[in-house]
Amino acid sequence: MPISIDPLLALPLLVGIFCIALVAIVCIVALLRADRADTVAVIKALPELAATLLRFRRRPRR
C-alpha cells in the first residue's frame, strides 16, 4: 500500500526542513569565522543557557 502525502502538508514540511538546514549552516559558518576565544566562551555558556531555558519552560503559566 503506497503512502500518499497531502501536498498541503508537504510544503510546510519542506520549508521547515529548509529553515532548519539554513540555520545550522549559518551557525556553523559563524562558529568557523569567530575568534577562538569567543567560540570557547559561547560553548562554555551553553549549559547555563539550556538550564535557564528549561526553567523558563517549566514555569507554570497563568
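1. Basis. In this predicted model, local features need pLDDT of at least 70 and side-chain atom pairs count only at pLDDT 80 or more, while totals for chains, interfaces and linings use all residues. Residues are numbered from 1 along each chain as its sequence is written, and side-chain values use heavy atoms, without hydrogens and water.

2. Secondary structure. The protein has 2 helices and 0 strands; these are DSSP runs numbered from the N terminus (helices H or I, at least four residues; strands E, at least two). Helix H1 covers residues 7–33, 27 residues in total, and spans 39 Å from first to last C-alpha, close to the expected 39 Å (1.5 Å times one less than its number of residues).

3. Of the 62 residues, 2% are buried (under 20% relative accessible area; exposed is over 50%, partly exposed in between; 1.4 Å probe, protein chains only). Helix H1 lies largely in the open, because 0 of its 27 residues are buried.

4. Cysteines. Cysteine 19 is partly exposed at 38% relative accessibility, and cysteine 27 is partly exposed at 43%. The count of disulfides is 0 (a disulfide being a pair of cysteine sulfur atoms within 2.5 Å).

5. Helix H2. Leucine 49 lies in helix H2, residues 36–58. With 47% relative accessibility, leucine 49 counts as partly exposed.
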